[in-house]
Amino acid sequence: MRQVGTLPNQQQAQRFADFLTTLEIDSRAEADGDEWGIWAVDEGRVAEAQGEYRAFLSDPENARYRSVGAKAQALRQEK
């Protein structure tokens, strides 16, 4: 498991972790002081997760990230 990056609050961290889940990238969002760390569990997908992280940072309010919560929750329940 490797850290992909950090985000300033829980809402953004959870939204990004949910987005990664919809891409079938197992990830975790964990509090790290005043920020939230995003961790990729699968070492083979870290580079992909980092690329998605950079895209997220450039436009975290993009519609592609807003509606992922329900889908991510369903995928987690399937596991």
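**Contacts of one leucine, then its helix**

I began with L20 and set aside its neighbours within four places in sequence; L20 is then in contact with I25, S27, I38, A49 and E52. The model is a predicted one.

Next I looked up the largest nonpolar core, which has 16 residues. L20 is among those with the most contacts inside this core, along with V4, L7, F16, I38 and A49. β1 (2-7), α1 (10-22), β3 (35-40) and α2 (46-58) each give two or more residues to it.

I then turned to α1. Ten of its 13 residues are buried, so I noted the helix as mostly covered, taking buried as under 20% relative accessible area. Among the buried ones are F16, F19 and L20, but also R15 and D18. The cover over the buried residues of α1 includes β1, β2 (27-32), β3, α2, α3 (63-66) and α4 (69-78).

At 1.5 Å a residue its 13 residues should span 18 Å, and the end C-alpha atoms are 18 Å apart, which agrees. At the N-terminal end, N9 caps α1 with a side-chain oxygen 3.2 Å from the backbone nitrogen of Q11. Just after α1, E24 has a positive phi of about 65°.

Last, I looked at the whole protein chain. Its pattern along the sequence is β-α-β-β-α-α-α. The radius of gyration is 11 Å, close to the 12 Å that the globule rule gives for 79 residues, so the chain is as compact as a globular protein of that length. I also noted that 35% of the 79 residues count as buried.

Note on methods: Residues numbered from 1 in each chain as written. Predicted model: local features only at pLDDT ≥ 70, side-chain atom pairs only at ≥ 80, totals over all residues. Heavy atoms only, no water. Core = buried A, V, L, I, M, F, W, Y, C linked by side-chain atoms within 4.5 Å. Buried < 20%, exposed > 50% of the residue type's maximum accessible area, 1.4 Å probe, protein only. Helix = DSSP H or I, 4+ residues; strand = E, 2+ residues; numbered from the N terminus. Contact = heavy atoms within 4.5 Å. Expected span 1.5 Å × (residues − 1). Polar contact = N/O pair within 3.5 Å; in protein donor to acceptor, adjacent residues only side chain to side chain. Rg over C-alpha atoms; globule rule 2.2 N^0.38 Å.
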